[in-house]
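Keep the structure in view as you read.

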Amino acid sequence: MSTLPILILYALHGPIHIHRFDMVKQQFTTWSPDHCTCEIIFTWDSDASPDTRVHTVHDVTRKCPNHQNTTDITDHYNVVLGENNRKNFAIDHIIQNTPLALVDVAPDGTKTIKTITNPDGSKTPTWSVFFSHQGVSPNRTLTLTISGITLTQTQLTNLQSKLDTRFGAGKITVVNV
Ligand SMILES: [Zn+2]
């Protein structure tokens, strides 16, 4: 198809009609998050760059027991994605705010969990952060469990305080076992 009709459509109707018009570029992806058993199909335009791609919910094919209460598929996607992002951000927040002796620091300053190098060259993390969610949406909370290292009470309190500031008090609890 020449680009001229698309440009004319764009000029007349704006970009949203192009997506509807140009269905061949629409991709479908089934997503099941790593923190619950929901299954969501969303669509995206393969012509858009990964940075600007818009994900549009197509269907929710499975609702886990903790996300049964949503009625709208877009709300459902936003709730599940929001929880998943918060979990990922919070784990990274812990790593970025952990004492330096417990992390590897890349040249650009990014910190990752300190690893040991095995005889075969592979790397094993020296500690871990496990996650679990509690409650039923919209009243979900997150527990992050730091395992494999022993933090001082001050270090743990500092981490909890940073998480409270970033995500709101009572939303995330960090424990060290
Ligand atoms: Zn779910």
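Which residue is the bridge partner of Thr 145 in S10? The partner is Val 175. Bear in mind that this is a predicted model.

Together the three strands form an open sheet in the order S8-S9-S10, with mixed pairing. S8 and S10 stand at the edges with a single partner strand each, so one side of each has no neighbour in the sheet. From one strand to the next, the twist averages 20°.

S9 and S10 also belong to another arrangement. With H4, they make a right-handed β-α-β unit.

## The sheet S1-S2-S3

Another open sheet has three strands in the order S1-S2-S3, and its pairing is antiparallel. Its edge strands are S1 (26-31) and S3, each of which pairs on one side only. The twist averages 20° from one strand to the next.

Now look at S2 and S3. Five bridges hold this antiparallel pair. Thr 43 stands opposite Thr 56 in S3.

## Helix H3

H3 covers residues 73-96. How far apart are its end C-alpha atoms? They are 34 Å apart. That agrees with expectation, because 24 residues at 1.5 Å a residue should span 34 Å.

H3 lies across strands of both sheets.

Which residues of H3 are buried? They are His 76, Tyr 77, Val 80, Glu 83, Arg 86, Lys 87, Ala 90 and His 93. These buried residues pack against several elements, including strand S2 (39-45), strand S8 (128-134) and helix H4 (153-167).

## Where H3 meets H4

Two packed helices are described by the angle and the distance between their axes. For H3 and H4, the axes come within 10 Å and cross at roughly 145°. The crossing is right-handed. On the H3 side, the contact is made by Arg 86, Ala 90, His 93 and Ile 94. On the H4 side, Leu 159, Lys 162, Leu 163, Arg 166 and Phe 167 take part. Arg 86, Ala 90 and His 93 are also among the buried residues of H3.

Key. Residues are numbered from 1 along each chain as its sequence is written. This is a predicted model: local features need pLDDT of at least 70, side-chain atom pairs count only at pLDDT 80 or more; totals for chains, interfaces and linings use all residues. Helices (H or I, at least four residues) and strands (E, at least two) are DSSP runs, numbered from the N terminus. The expected span of a helix is 1.5 Å times one less than its number of residues. A residue is buried if 20 or more other C-beta atoms lie within 10 Å of its own, exposed if 12 or fewer, and partly exposed in between; C-beta atoms are placed from the backbone. Two residues are in contact if their C-beta atoms, placed from the backbone, lie within 7 Å. Two strands pair if DSSP finds at least two bridges between them. Axes are lines fitted to C-alpha atoms, for helices over the stretch in contact, and angles run from 0 to 180 degrees between N-to-C directions. A crossover is right-handed if, with the strands pointing away from the viewer, the path from the first strand over the helix to the second runs clockwise. A crossing is left-handed if the near helix is turned anticlockwise from the far one by less than a right angle, and right-handed if clockwise.
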